[in-house]
Amino acid sequence: METKDAASRDEPELTYRAASPGDVPALVELVNSCYRGDSSRLGWTTEADLLDGQRVDKDGMGELLGRTNTLVLVAEAEGELVACCELQRGTSGAYFGMFSVRPAAQGTGLGRRVLAEAERTVVRTWGCRVMRMKVLKQRQDLISWYERRGYTNTGRISPFPYGDESFGTPRRPDLAFVELTRELPADLG
């Protein structure tokens with residue numbers, strides 16, 4: 001499933017592939033560096049003001065890679081892991097989650113390119129025509145970023161899993177997720 005992303009003259013060429021069990025340590029480091037702690041503050045997508053703790057651990061990542069309906073898409077530039085996302089096949093489309101772009105590379109267009117490849121992947125691999133995701137409702141800047149890429153806020157809200165430390169330790173009592181969706185054109189594949 002390895003594919004290449006043609007880059008403009010200022011953007012590095014990206015290679016995409018499905019993650020393998022050997023990628024677990026690097027994926028855990030990447031995901032946690034994007035979402036939590038001081039390292040995440042180098043980028044604009046940090047959740048450090050909302051959640052403490054880890055976003056994922058080795059066991060959770062290994063379990064994710066073992067699912068038959070899930071693909072963790074990895075993006076590499078010059079042999080270095082620079083981004084990843086979870087893609088999960090469902091009965092009414094695909095789920096997009098755990099989107100992680102190296103904090104120092106955020107704001108360079110890399111995330112836009114990886115999201116576009118994720119959309120092409122679910123159309124090509126599973127024939128999915130809808131992509132769904134959940135975003136913390138407090139992340140209005142991130143929700144706006146997805147809306148600029150064609151996603152619509154459905155208005156559906158789901159509760160944050162308070163008490164489940166595997167997703168992190170909440171720093172506030174009002175966390176919840178909003179659902180975003182996008183219909184994917186068949187010609188993306």
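Modeller: Let's start with E78, which lies in the loop between β4 and β5. Keep in mind that this is a predicted model, where local features need pLDDT of at least 70, side-chain atom pairs count only at pLDDT 80 or more, and totals for chains, interfaces and linings use all residues. Residues are numbered from 1 along each chain as its sequence is written, and side-chain values use heavy atoms, leaving out hydrogens and water.

Colleague: What makes something a strand or a helix here?
Modeller: Both are DSSP runs numbered from the N terminus: helices are H or I with at least four residues, strands are E with at least two. Strand β2, for instance, covers residues 14–18, and helix α1 covers residues 24–35.

Colleague: How do you know that β2 is mostly covered?
Modeller: 4 of the 5 residues in β2 are buried.

Colleague: How do you know which strands pair?
Modeller: Two strands pair if DSSP finds at least two bridges between them. β2 and β4 (residues 70–77) are joined by 4 bridges and run antiparallel, with A18 opposite L73 in β4. Between β4 and β5 (residues 80–90) there are 8 bridges, again antiparallel, and V74 has C84 as its bridge partner in β5. β5 and β6 (residues 93–101) share 7 bridges and run antiparallel too; there A83 stands opposite V101. A hairpin with 2 residues joins β5 to β6.

Colleague: Why are α1 and α3 called roughly perpendicular?
Modeller: Axes are lines fitted to C-alpha atoms, for helices over the stretch in contact, and angles run from 0 to 180 degrees between N-to-C directions. Under 35 degrees counts as roughly parallel, over 145 as roughly antiparallel, 65 to 115 as roughly perpendicular, and the rest as oblique. α1 and α3 (residues 58–66) pack at about 115°, with axes 9 Å apart, so they come out as roughly perpendicular.

Colleague: What makes the contact between them?
Modeller: Contact means heavy atoms within 4.5 Å. V24, P25, L27, V28 and V31 of α1 meet K58, M61, G62 and L65 of α3. They divide into 7 nonpolar, 1 polar and 1 charged. Here Ala, Val, Leu, Ile, Met, Phe, Trp, Tyr, Cys and Pro count as nonpolar, Asp, Glu, Lys and Arg as charged, and the others, Gly among them, as polar.

Colleague: Why is D23 called buried?
Modeller: D23 has 13% relative accessibility, so it counts as buried. D23 is found in the loop between β2 and α1.

Colleague: What about R55, buried or exposed?
Modeller: R55 is at 14% relative accessibility, so it counts as buried. R55 sits in the loop between β3 (51–52) and α3. Leaving out residues up to four places away in sequence, R55 touches V31, N32, Y35, R36, M98, S166 and F167.

Note on methods:
Buried means under 20% relative accessible area, exposed over 50%, partly exposed in between (1.4 Å probe, protein chains only).
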